[in-house]
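Okay, thanks for coming, everyone.

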Amino acid sequence: MAAHVLDEANRCLNCKKPQCQKGCPIGTPIPEVIRLMLDGHLDEAGRKLFENNPLTTVCSLICNHEKQCEGHCVLARKGAPVHFSTIENYISGTYSSKMVKGPAPSNGMRTAIIGSGPAGLTIAVLLARKGYQVTIFESKDKIGGVLRYGIPEFRLPKSILDDFEYRHLRLKGIKVRPNTTIGGAITIDDLLRDGYRSIFIGTGVWRPNALHIKGETLGHVHYGINYLNNPDSFHLGEKVIVIGAGNAAMDVARTALRKGVRELQCFSRESTAAASRHEFDYAVLEGVEFIYLKIPLEITDEGVIFADVQENEDGTVERISGTETLYHADSVIISISQGPRNQLVNTTKGLEANSHGLLLADEKGRTSRPEIFASGDVVNGARTVVEAVAHSKIVAESMDLYMKGISS
């Protein structure tokens with residue numbers, strides 16, 4: 001591993017205007033980090049990574065590198081890019097075990113984080129560095145949000161999240177209340193009553209989008225986000241149809257094959273898969289069959305009735321009559337993205353959301369209530385982890401200014 005990392009690092013041209021860094025949504029100082037490692041300053045390289053991105057160990061594994069840092073590498077124009085994902089994973093993983101520093105001196109102010117997904121964890125870490133007393137309220141039993149309950153173990157080992165919780169939360173004095181849903185027994189106004197100076201909402205998008213077709217409530221039909229939450233609780237049979245072909249659908253398909261499914265087909269209404277090339281290639285390698293230009297009409301006990309569609313020049317698709325065909329399956333998994341739950345909005349006076357249930361917030365995370373901030377998927381819809389981290393860094397600064405009484 002280390003030898004391979006050094007080989008990759010030595011390929012870096014150390015460009016004066018690094019395109020790789022421009023391609024990274026969070027602006028990771030890639031050439032500087034590589035140079036520090038090659039000069040023997042591994043700890044300093046690791047420190048740079050974590051200061052810039054608290055979730056660097058996570059992003060090194062799950063980012064869409066082919067479209068971001070590696071996709072912008074100048075070497076990729078004529079050959080293979082420098083695989084910074086491998087370098088970042090090695091540096092961050094090696095340095096992480098040395099992170100044992102305790103909490104920053106307290107500034108006496110308390111802040112609440114609702115949700116421990118990528119946005120919530122980023123905000124918590126950044127505010128704790130500034131001395132805030134941070135409490136995370138998580139509705140599930142463990143931290144991580146979509147990182148733990150929406151990304152398969154083979155892509156992101158849960159041990160990385162457990163290590164993050166120990167080093168970045170517990171050692172830093174950040175408190176976590178698991179199995180606690182805000183909007184139930186505890187409301188946002190209760191938090192304000194108890195002295196939280198500001199509140200951050202990063203509850204993600206956990207309500208699956210439905211097809212709204214006949215048969216969707218049958219017992220062998222499931223939603224992708226629910227399946228990824230706990231795959232072992234599902235009994236899918238040997239032949240499965242996945243409706244959808246995005247990255248989440250690839251996670252569903254590849255997980256199902258690892259859990260014993262023998263035949264799996266992914267159906268898309270488009271002419272190509274929406275997933276990244278990397279995820280698509282691995283799905284094909286592992287045996288997923290892709291069927292394009294099909295639209296589901298009805299789900300039956302035997303499978304799904306699809307019809308052919310044709311793409312129009314304006315990007316829309318049009319159903320072709322007379323092409324209805326039943327495709328057999330033991331189980332059907334619908335994976336066409338998801339939206340937010342509305343419990344917080346319904347129980348918090350003055351907190352506004354759009355017609356899709358997404359919280360309304362400006363570019364600095366400020367919502368319709370000045371003491372409440374939000375970012376991540378609950379504001380922008382399902383996006384990438386690194387995008388959530390990048391936006392949350394801006395929001396953390398905005399929260400800091402608000403709590404200090406400075407106009408942001």
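Predicted model: local features only at pLDDT ≥ 70, side-chain atom pairs only at ≥ 80, totals over all residues.

The largest cavity holds about 160 Å³ of space. It has 17 lining residues, and the ones closest to its centre are Cys-12, Cys-20, Cys-73, Val-74 and Val-82. If you want to find it by elements, helix 2 (19-23), helix 3 (30-38) and helix 6 (69-72) are the ones that each give two or more residues to that lining.

On to the open sites. The second largest pocket has a volume of about 430 Å³. Its lining takes in 16 residues, with Met-99, Lys-101, Gly-102, Arg-129 and Lys-172 nearest the centre. Here the elements contributing two or more residues are helix 4 (42-52) and helix 8 (118-129).

In what order do the strands of the open sheet run? There are five of them, and the order is 6-14-7-8-9, with parallel pairing. At the edges you have strand 6 (221-223) and strand 9 (289-291), each of which pairs on one side only. Going from one strand to the next, the twist averages 25 degrees.

Let me zoom in on one pair there. Strand 7, residues 239-243, and strand 8, residues 263-267, pair in the parallel sense over five bridges. In that pair, Ile-243 stands opposite Phe-267 of strand 8. Then there's helix 13 (residues 247-258), which packs on the sheet and touches strand 7, strand 8, strand 9 and strand 14 (331-334). The direction of helix 13 makes about 170 degrees with that of strand 8.

For contrast, look at an antiparallel pair. Strand 10 (residues 294-299) and strand 11 (residues 303-311) pair that way over five bridges. The two form a hairpin, with three residues between them. Ile-299 stands opposite Val-304 in strand 11.

Now a quick geometry check on a helix. Helix 10 covers residues 158-170, which is 13 residues, so at 1.5 Å a residue it should span 18 Å. The end C-alpha atoms of helix 10 are 17 Å apart, which agrees. As for what's tucked away in helix 10, the buried residues are Lys-158, Ile-160, Leu-161, Phe-164, Glu-165, Arg-167, His-168 and Leu-169. While you look at that list, remember that an α-helix has 3.6 residues a turn, so residues three or four places apart point the same way.

Is His-391 buried or exposed? It sits in helix 17 (residues 385-403), and its relative accessible area is 16%; the cut-off for buried is under 20%, so His-391 counts as buried. Leaving out residues up to four places away in sequence, His-391 touches Asp-362, Glu-363, Gly-365, Ser-375, Gly-376 and Asn-380.

The other one is Gly-195, in the loop between helix 11 (188-193) and strand 4 (196-201). Gly-195 comes out at a relative accessible area of 41%, so we call it partly exposed. If you want a sense of distance, Gly-195 and Thr-94 are 101 residues apart in sequence, and C-alpha to C-alpha they are 39 Å apart in space.

That's my tour, happy to go back to any of these views.

Note on methods
Residues numbered from 1 in each chain as written. Heavy atoms only, no water. Pairing = 2+ DSSP bridges. Helix = DSSP H or I, 4+ residues; strand = E, 2+ residues; numbered from the N terminus. Buried < 20%, exposed > 50% of the residue type's maximum accessible area, 1.4 Å probe, protein only. Axes fitted to C-alpha atoms, helices over the stretch in contact; angles between N-to-C directions. Contact = heavy atoms within 4.5 Å. Expected span 1.5 Å × (residues − 1). 1 Å grid on protein atoms, 1.4 Å probe; cavity = no way out; pocket = protein on both sides within 12 Å on 5 of 7 lines; lining within 4 Å. Points joined across faces, edges and corners; volume = space filled by probe spheres on them.
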